Amino acid sequence: MIEISKLTKRFGDHEVLRGVDLTVARGRVMGIVGPNGAGKTTVIKTLLGLCQPTSGDIRLDGRSILGTESSYRAHIGYMPQIARFPENLTASELFEMVRDLRGTKGVLDASLLRGFALESQLDKPLRVLSGGTRQKVNACLALLFQPSLLVLDEPTAGLDPLSSAILKDRILSLRAEGVTVMVASHIMSELEELCDDVAFLLDGVTRFAGPIDQLTSITRQANLERAIAALMIREVA
Amino acid sequence: MSVVTKIVRAQTRDAMRSRWLIGYTAFFFLLTEGVIRFSGDGPKAVLTLASATLIVVPLVTLVLSTIHVYNAREFTELLLAQPIRRSSLFKGLYLGLALPLVSGLVAGIGLPVLLHGGGDPANRGAMITLVATGAALTFIFTAISFSIALFAEDRLRGLGIALGIWLLVGLLYDGLVLVAVALFSDYPIERPLLALTFANPVDLARVLLLLKLDIAALMGYTGAVFQRVFSGPLGPTFAAGMLGLWIAVPLAVGARQFRRKDF
């Protein structure tokens, strides 16, 4: 359960977040949408502790993560938007490094690795892998340590349709196992496929947060893409 | 094994396979090998190597480290999202960069010397001081690079600052000091000059080598003053202590920036 309340973030004169409120219930998939610069990535980075908010609070299962130690991140799997890794390491060395750092003793979740048929690429230096393959490594790394919260920033960017489908299937099966997911994306059809809820950010403020069907019925639109477009037109007008 | 060690181990593994580090090591290997072949392993060899070290180590360290920190930005963010403390991550990233550079330098200079039978025993102390000073400069300029890259979001600007710092401490500084000397030659300026030497790690390193080598050829003006004041056993100790301070302060600044930064 994630509860974000009245979150603001100011970089110098620039207010990126001006009051973001959203709640993601356990085992649900929340999509974050909004135009470029709306604050999607900043919300994610604040949740991960990469960024300290100017004000507001973030609670995970009732406990504030702000000013606390790093241990809460042991339950989070993060897939960043851009996948860049140490060039001369291989994927298996990368996995080993992160596993080492997390101190994970248990079994790793290699199902996505098999799904992508990535085994043959594991011992090549990451520098020689294609952008799409690196993105697959990125996804595998996020899912490897059996997180209870999965944070994905544009997860299918750079993936071919087949790989994208494999990843989405895996996310949905994790949701069925009770994993909470937060996913930022520009691809509305993808969010419609994955998400229970959606939060629409504009200029650093939550303009809507709730179930997708609620959004489509409020805006009287047929699908998410048109509903978001309708919201944006309404906001501009 | 601590988190810091784990990060250092992985970073070192990455660095050891990088072409840059191999090139850097090869440069010092060939230079040392060449110098020993042409002029033997006497004080003259140490002097030549020292002049090269004082120019090349700060330059290569600043450029490689700054570029590396920018290139590792996304991966650093990924590591920050892991359940580890920021302070440990910073130490790990810093040592993971500085230690391979130091080992490149040590191997590049040390191997040829060992291959030629360990060098002239009378000269060994100076050789060890040279390598140690080079290592200290590497630690100093790696810390400064982290600070630059954390300060400037734009990588071109960061690289510009790094090169500017190198030009200043490596080339322009002694000239500026000479100008100051010429301008204020009517006043007792020895003590301010001494302070100016402390303000530049490359000058400090040069003085340390001079005191150990007892040769005047490498001396800039600040070196001459320093030698007069600090000839005796206290001089090298003091200079080494100041170099240590030059590692500690930028490192503390960098760690503070890293702890507070919004990535």
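Colleague: How many cavities of 30 Å³ or more does the structure hold?

Modeller: On a 1 Å grid over the protein atoms alone, a cavity is a set of points where a 1.4 Å probe fits but cannot get out. Grid points are joined across faces, edges and corners, and a volume is the space filled by probe spheres set on the points. Here the structure holds three cavities of 30 Å³ or more. This is a predicted model, in which local features need pLDDT of at least 70, side-chain atom pairs count only at pLDDT 80 or more, and totals for chains, interfaces and linings use all residues. Residues are numbered from 1 along each chain as its sequence is written, chains are lettered from A in the order in which they are written, and side-chain values use heavy atoms, with hydrogens and water left out.

Colleague: What volume has the largest cavity, and which residues line the largest cavity?

Modeller: Lining residues have an atom within 4 Å of a point. The volume of the largest cavity is about 130 Å³, and its lining includes His68(B), Tyr70(B), Arg73(B), Phe146(B), Phe258(B) and Phe263(B). Chain B supplies at least two lining residues from each of α3, α4 and α6 (124–151); helices are DSSP runs (H or I, at least four residues), strands likewise (E, at least two), numbered from the N terminus. By class, the lining has nine nonpolar residues, two polar and one charged. In that scheme Ala, Val, Leu, Ile, Met, Phe, Trp, Tyr, Cys and Pro count as nonpolar, Asp, Glu, Lys and Arg as charged, and the others, Gly among them, as polar.

Colleague: How do the residues of the lining of the second largest cavity divide?

Modeller: They divide into three nonpolar, no polar and six charged. The second largest cavity, of about 80 Å³, is lined by residues of both chains, among them Glu93(A), Glu96(A), Asp100(A), Lys6(B), Arg9(B) and Arg13(B). Two or more of its lining residues come from α2 (91–102) of chain A, and likewise from α1 of chain B.

Colleague: What volume has the largest pocket?

Modeller: A pocket is an open set of points with protein on both sides within 12 Å along at least five of seven lines. The largest pocket has a volume of about 830 Å³. Of its 32 lining residues, Glu87(A), Asp14(B), Ser18(B), His68(B) and Asn71(B) are the closest to its centre. The element that gives the most to this lining is α3(B), with eight residues. The classes are 17 nonpolar, eight polar and seven charged.

Colleague: How many residues does the contact take from chain A and from chain B?

Modeller: Contact means heavy atoms within 4.5 Å. Chain A gives 31 residues and chain B gives 28 residues. Buried area is the accessible area (1.4 Å probe) that two parts lose on being put together, summed over both. For these chains it is about 2700 Å², 55% of it on carbon and sulfur atoms. On the chain A side, Leu50(A), Arg84(A) and Leu101(A) lose the most area to chain B, together 26% of what that side buries.

Colleague: How many salt bridges does the rule find across the interface of chain A and chain B?

Modeller: A salt bridge is a side-chain nitrogen of Lys or Arg within 4 Å of a carboxyl oxygen of Asp or Glu. The rule finds five across this interface. Lys9(A) and Asp262(B) form a salt bridge through their side chains, at 2.5 Å, N to O.

Colleague: Where does Asp203(A) lie?

Modeller: Asp203(A) is in the loop between β9 (197–202) and β10 (205–211) of chain A. Most residues other than glycine have a negative phi. Phi of Asp203(A), however, is positive, near 50°.
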